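Let us look together at a structure and learn how to read the place where two chains meet.

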Amino acid sequence: MAASIQTIIPMIVYLALSIGIALWARQQSAKTTSQGFIEEYFIGSRSMGGFVLAMTIIASYTSASSFIGGPGVAYRFGLSWVLLAMIQVPTAFLTLGVLGKRFAIMARRTQSVTITDYLRARYDSDAVVILCSVALIVFFMAAMLAQFIGGARLFQTVTGYPYAVGLSLFGISVVLYTAVGGFRAVVLTDAMQGIVMVVAVVVVLLAVINAGGGVAQCVSTLKGIDPGLITPTGPDNAVPQAFTLSFWVLVGIGVLGLPHTTQRCMGYRDSRAMHDAMVIGTLLIGFMILCAHLAGTFGRAVFPDLPAGDLAMPTMILKLLSPVWAGVFIAGPLAAIMSTVDSMLLLVSAAIIKDLYIHYRLKGDASRMPVATLKRTSTWITAVVGLLVFVAALEPPDLLVWINLFAFGGLEAVFLCPIVLGLYCQSGNARGAVASIICGVTAFMALSILKPAMGGVHAIVPTTLISISAYIIGSYLGRHAHELRNSPKF
Amino acid sequence: MCDHRIKQANKESLISLAVYAVYFLWWYLSGYGIGDTDPDTYSYIFGFPSWFFYSCILGYPLITVILWLVVRLFFKEIPLDADVRNTSSMKGEDN
């Protein structure tokens, strides 16, 4: 038990720091107007500089899968899975670069603080807003639940304490600091969590290479276990080329459809911050993904007989590092989990209070609600949503676990076309957006459930093609309705 | 909406896509171009199979340097705030 207490102390220090940041951020939000408070709580008054922007994009994007799941698969499939993971390197510059300054300018002009705000301003359509808000709430709740479960299981494996203890410890702290501090607390803790993640992966990788007797020795051990482990297509062609190439859509272009990542592109201070973040973000995310997945691969050379890939990362942390260091570095994956959950939590809360309540009950006029009430309501809604997910994670309901399987691709199917095509196609309109959302989600669910033979191609590829076509056809059919409304906003 | 800001932003988006394409080509050609053979014929660089070294270890610092150059050379600092005509309602809140 002494060892597990030593492991837990650095984690508690780290969680306490996060809450400290939230309290500090709360001080910053002493704004006088309701719109001012909304801008602060949900987008941090658009004040992010380059480094924080880079870190928050990385941290909100990388999640449990980047630290546990991904390296776990790399453990089984070798270097081929590292090659696949490296497709994610352009995430930061792709989201920032492609949405770019047009998106930032639009967001400011329309006072948008969430993706839904932006879509409302762009399409001026209740159908688009409601579909997107509902999709966001459902998929995010399921994704947050999965993150919580992953984190709590990891905690259980490493410390030996029961599942519920770990869940309470980091579940309650993430809900607390997000509810209290809002966006500013989320991005500042993201920056801290990003640094912890980078340090954690380097130390684990070095420990593994050291234990395996150097890089060349690790590679030849892997080749001895199965030559497929060092090829780009994996053992017995387990990772065929068509499958790997589909990930250029799923975790490449498709990332432009993840609302918690793209929302960051509304919140930077100026052009300079965006330029810096594109470079810093790419360097750090590449480094982190490479180290984490390579550690998983080489883990096979050190611990060849683990029953499940998901155990690779926790086992390496436990066996190769001293208890205190294990505590510091287990914070890496926990940080990745928390930084994803906090971003999602805030957006669910924004969807409920801003996109639905203020818009439909207060007719879009936030100033009808006193600032103090708005402040209290925002904090409480964030807290209640978080606690709901927390309670669900104690006894995970099958339905949510099932929905989570579709969360990532589903979000992309919903948001990709309305955001990106909406930004660059002048003639896109509400009918196109609704058509692409409905066709995209239906196609994605159908393909994922029925699993027709597609030669290894992931369901997201046909889904994306279908939703793009639906957007174009829908916009074409709906163009007269659009022309009748004589308020072209863009 | 000032026209030159939109033009510049469109140009920057296209450049970002071009860099993305360059990364894809580098990743694909070095990964599958070198690596899709019998593992017994592999050559090694710093202990890694050469396909892996070029595509994964060299690839991302390379793209970071290209990105840095591109941002330096082609990206411009343009104001992002709403243009003067529309700011009256936001003044004093967005600081």
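Q: What pLDDT does chain B average?

A: The pLDDT is the predictor's confidence in each residue, from 0 to 100, and chain B averages 83, with 83% of the residues scoring at least 70. Over residues 84-95 of chain B, however, the pLDDT is below 50, and beyond near neighbours in sequence this stretch has 16 contacts in the model, a contact meaning heavy atoms within 4.5 Å. This is a predicted model, in which local features need pLDDT of at least 70 and side-chain atom pairs count only at pLDDT 80 or more, while totals for chains, interfaces and linings use all residues. Residues are numbered from 1 along each chain as its sequence is written, chains are lettered from A and ligands numbered from 1 in the order in which they are written, and side-chain values use heavy atoms, with hydrogens and water left out.

Q: How many residues does the contact take from chain A and from chain B, and what area do the chains bury between them?

A: Buried area is the accessible area (1.4 Å probe) that two parts lose on being put together, summed over both. Here chain A and chain B bury about 4,900 Å², 71% of it on carbon and sulfur atoms, and the contact takes 58 residues from chain A and 52 residues from chain B. In chain A, Leu83(A), Ile105(A) and Trp248(A) lose the most area to chain B, together 13% of what that side buries.

Q: How many salt bridges does the rule find across the interface?

A: A salt bridge is a side-chain nitrogen of Lys or Arg within 4 Å of a carboxyl oxygen of Asp or Glu. The rule finds four across the interface of chain A and chain B; Asp40(B) forms a salt bridge with Lys223(A), where the closest N and O atoms are 2.9 Å apart.
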